[in-house]
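Reader: I am new to this structure. Please take me through one part of it closely: the nonpolar core and the helices packed around it.

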Amino acid sequence: MNPAIFASLTLAFAVPAPAPASATVTVAAGNRAGSEASALAIMADPASVNPMAFSQVAQYLWDRGDRRQAAFWYYLWQARTRPWVSVQGGSTAQARGAISATLGRTINEWVASDPDSWMALSRRAIAYERTMPLSSARPRGVTEAAWLETVERERSRYAASFEAMSANPRFSRTSLEESRRSNGLYVGPWSDPGADLPDAWQ
């Protein structure tokens, strides 16, 4: 399993997360209308933006109370940003890591209270990401053919890492629930999940 993915997902049963730091894209009250408009525009046309912007959608949905949908978009963001990090590294990897450690920690901690639902949602996000049109943007100096090859490779690696994680005894329902309880985390059906995933998101 990719160590970075494993480290991120172990937050699902770590000690309770602190309040999200400034690395998240939470917005001030005066900018909420703009945040909503931006998130809705990205959801309507995800190919129009760099996929790093998908984290804005996840944060907006979380703030709106639609936690299930926020988790779904967070996993889309994880999958779609892997190729960019693979090619660019540096500041792109740092920005991705900061979001994973803040917004990602909050989402993973919440979603893993119900392991079966967590796994089902993750698999649905992985499958749906493959159907989404790619952004017309790509890293400078990378040919279209090379970029498409990178995207497919990173998609496959992300899916394989998830399946390896789900098969790991540490992530069995029993182990996950025991670990969460020992760290004072809630175990059970999702708390306040908000709206269902639209039928179109599959």
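Author: A nonpolar core is a set of buried Ala, Val, Leu, Ile, Met, Phe, Trp, Tyr and Cys residues joined through side-chain atoms within 4.5 Å. Buried means under 20% relative accessible area, exposed means over 50%, and partly exposed lies in between, with a 1.4 Å probe and protein chains only. This is a predicted model, in which local features need pLDDT of at least 70, side-chain atom pairs count only at pLDDT 80 or more, and totals for chains, interfaces and linings use all residues. Residues are numbered from 1 along each chain as its sequence is written, and side-chain values use heavy atoms, with hydrogens and water left out.

Start with the core. The largest nonpolar core has 41 residues. Phe-54, Phe-72, Trp-73, Tyr-75, Leu-76, Ile-107 and Trp-118 touch the most other members. At least two core residues come from each of α2 (32-44), α3 (54-64), α4 (67-88), α5 (90-111), α6 (115-131) and α7 (144-167). Helices here are DSSP runs (H or I, at least four residues), numbered from the N terminus. The top contributor is α4, with 9 residues.

Now look at Leu-76. Leaving aside residues up to four places away in sequence, Leu-76 touches Phe-54, Ala-125, Tyr-128, Glu-129 and Met-132. Contact means heavy atoms within 4.5 Å.

Next, the pair α4 and α6. Their axes are 9 Å apart, at an angle of about 50 degrees. Axes are lines fitted to C-alpha atoms, for helices over the stretch in contact, and angles run from 0 to 180 degrees between N-to-C directions. The two helices are therefore oblique to each other. Angles under 35 degrees count as roughly parallel, over 145 as roughly antiparallel, 65 to 115 as roughly perpendicular, and the rest as oblique. On the α4 side, the contact includes Phe-72, Tyr-75 and Leu-76. On the α6 side, Trp-118, Ala-125 and Tyr-128 are among the partners. By class, this contact of α4 with α6 has 9 nonpolar, 1 polar and 4 charged residues. Ala, Val, Leu, Ile, Met, Phe, Trp, Tyr, Cys and Pro count as nonpolar, Asp, Glu, Lys and Arg as charged, and the others, Gly among them, as polar.

Helix α6 also packs on α8 (173-182). Here the angle is about 115 degrees and the axes are 10 Å apart. That makes α6 roughly perpendicular to α8. Pro-115, Asp-116 and Trp-118 of α6 meet Arg-173, Leu-176 and Glu-177 of α8.

Finish with Glu-154, in helix α7. Glu-154 is buried, at 4% relative accessible area.
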